[in-house]
Amino acid sequence: MRLPVSALVALLPFYLDIVVAQGSSGTGKTTRYWDCCKPSCAWPRKSNGPNPVQTCDKNDRPLNDGGNTKSGCDNGGSAFMCSSQSPWAVNETVAYGWAAVNIAGSNEASWCCACYELTFTAAPLTGKKLIVQATNTGGDLGNNHFDLAIPGGGVGIFNACTSQYGAPSNGWGERYGGISSKSACANFPNALKAGCNWRFDWFKGADNPPVTFKQVACPAAITAKSNCARQNDVINETPTGPSTVPTWAP
């Protein structure tokens, strides 16, 4: 049966809604960083949600400033990335975390505080999943690029870790890539040790593994730490699951 053109036009919004409701997806790349700077999505009105990403003072205490404190990466700034936004393992195959993000065909207003399920497609992580919330962006990121926030992953372009924690001038390890062994985590500030160890335990020391990704509703355990949850847009953004999830240890 062939539908008349008028009927097809009437159905078009319905089909478009189905496509849009899937959110962003595709194949992507990962890198890693931890620069201690205030994340980009921590400024007011970066996402469509009521709150920006939580930041902390130099002593890792949450700021109650509405996102208005200058970044620790800027001269005289005193807002830093909170250590609580370090990745952690939920079980042997699933972990939660945060990332600086660039999604092809999208923009910061669309990805700030959105969550993405990353499925690793190469050894030693093949099949493992990392759900990350986008809390940052970067001018040096390519399309579908997830720069994973991992303590000791390298400060990259900016470095507030020296101001916040007394790290070396280029951060811990290499400026790009960070430290190269788990033993180096022992010398980290206590607040960052667990996230540093995660890289060599659950993440198995992988070096920029490729992924497939899809946008998902954020786990409530992630938004409880970042204090940022989007309002519904292309998908239902209502946080899912419990607000506290214990850390799995191998």
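Before I begin, one definition: when I speak of a residue lining a pocket, I mean that the residue has an atom within 4 Å of a grid point of that pocket, and when I say helix I mean a DSSP run of at least four residues, numbered from the N terminus. Please keep in mind that what you see above is a predicted model.

Let me start with the largest pocket, whose volume comes to about 530 Å³. Its lining is made up of 30 residues, and those that lie nearest the centre are Tyr33, Asp35, Asp140, Ile157 and Phe158. Which strands supply at least two residues each to this lining? They are strand E1, spanning 25–33, and strand E6, spanning 145–149, and of the elements it is E1 that gives the most, with three residues. Sorted by class, the lining of the largest pocket holds nine nonpolar, 13 polar and eight charged residues.

At least two lining residues each come from strand E2, which covers 88–89, and from helix H4, which covers 190–200; the largest share, five residues, is the contribution of H4. The classes in the lining of the second largest pocket are nine nonpolar, six polar and two charged residues.

How values were computed. Residues numbered from 1 in each chain as written. Predicted model: local features only at pLDDT ≥ 70, side-chain atom pairs only at ≥ 80, totals over all residues. Heavy atoms only, no water. 1 Å grid on protein atoms, 1.4 Å probe; cavity = no way out; pocket = protein on both sides within 12 Å on 5 of 7 lines; lining within 4 Å. Points joined across faces, edges and corners; volume = space filled by probe spheres on them. Nonpolar A, V, L, I, M, F, W, Y, C, P; charged D, E, K, R; others polar.
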